[in-house]
Amino acid sequence: MTFPLVHHPDYVAPLPAGSSFPMNKYGLLITAFEQMRIAPHMQMPGPMDAGWIAAVHSPDYVEAVLTQTVDPQIQRRIGFPVTERVARRSRLAVGGTYLAARLALDTGFAANGAGGSHHALPDSGAGYCVFNDLAVAANRLLAEGHARRIMVIDMDVHQGDGTAVCLAGRTDVFTLSFHAERNFPVRKARSSLDVSLPDRLGDTGYLAAMDSHLPAALDSFRPDLILYQAGVDPHEDDRLGRLSLTDAGLQARDAYIRDMCIGAGLPFASTMGGGYGRDDERLELAHRHARSMMVLAGLPMP
């Protein structure tokens, strides 16, 4: 058994020394799969056309990213400088989420080995996010008629504020965010449904919250495609997480999403989302993301 994995070598872009963003985890994801003797069916995305990005983001902001003239204040909010390599990576990540969704429509499930940049707002990046791949991909998929109703399920430890703002007011998209109430961003946006969770909730409370909200939202909205932001930062060892999920809890979370989608006959595509650690923890972080994709694909743990 295997599954489609969208990935590109340029998902890794150089950052200044001392950057806190774990850029190398995207390359280490492939190492993790090799170590586990898992061979996903690799697919390489192209960069998303600037016109589709500008359909969601401000054209001026898109142009600033593509020409590397982003305002220094916005770059500080992003958390790293927007260089030519970062701009290319950002377009590829958006293209990757779109491609993963197209593949999921054919195969049932596909994963993007990047993406989940849910803090990027219409006219600005933030929180290590440059372009909002979830919002851009959802808009294009709907505009092209590949789906009629899309639900974005965001299980990252941080609220999907940018996705909520970028897709606000649409009746053909439902944004659902499960997140730590006291975590970034301080000022939350309004998703279609927000589930704010207390610190140190743990596995049992987290899964109970999912069971309390997800089936009803799915039944009410009735999407025909799910985009799943599968951030692993709710994990108890994550540097920025607060929800104290164990490995088993994360795997149960992803199995819940998988089984819910399969039970409803819904194709679903995942994005990596958040996951943070020290330099010496990056390979384990990549393994955490890899295990998430394996659970979603229904593969047994090695």
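Which residues point one way from β4, and which the other way? Ile150, Val152 and Asp154 take one side, Met151 and Ile153 the other, and all are buried. The views below come from a predicted model, in which local features need pLDDT of at least 70, side-chain atom pairs count only at pLDDT 80 or more, and totals for chains, interfaces and linings use all residues. Residues are numbered from 1 along each chain as its sequence is written, and side-chain values use heavy atoms, with hydrogens and water left out.

View 1. Five of the five residues of β4 are buried, so the strand is largely enclosed by the rest of the structure. Buried means under 20% relative accessible area, exposed over 50%, and partly exposed in between (1.4 Å probe, protein chains only). Helices (H or I, at least four residues) and strands (E, at least two) are DSSP runs, numbered from the N terminus. In a regular strand the side chains alternate between the two faces of the sheet. Five bridges join β4 to β5 (residues 173-180), and the two run parallel. Five bridges also join β4 to β7, again parallel. Strands pair if DSSP finds at least two bridges between them. Ile150 stands opposite Val173 in β5; its bridge partner in β7 is Leu225.

**View 2. The salt bridge of Asp10 and Arg88.** The closest N and O atoms of Asp10 and Arg88 are 2.8 Å apart. A salt bridge puts a side-chain nitrogen of Lys or Arg within 4 Å of a carboxyl oxygen of Asp or Glu. Asp10 lies in the loop between β1 (4-6) and α1 (25-35), Arg88 in helix α5 (residues 84-107), so the pair ties together parts 78 residues apart in sequence. Arg88 is partly exposed, at 35% relative accessibility. The structure holds 15 salt bridges.

**View 3. The salt bridge of Arg148 and Asp224.** These side chains meet at 3.6 Å, N to O. The pair links distant parts of the chain, 76 residues apart: Arg148 sits in the loop between α6 (133-143) and β4 (150-154), Asp224 in the loop between α8 (202-221) and β7 (225-229). Arg148 is exposed, with a relative accessible area of 61%.

View 4. Arg282 and Asp279 form a salt bridge (3.2 Å, N to O). Arg282 is buried at 7% relative accessible area, whereas Asp279 is exposed at 63%. Shared partners join Asp247, Glu284, Arg288 and Arg291 into one salt-bridge network. Of the 16 residues of α10, 14 are buried. Gly298 follows α10, with a positive phi near 80°.
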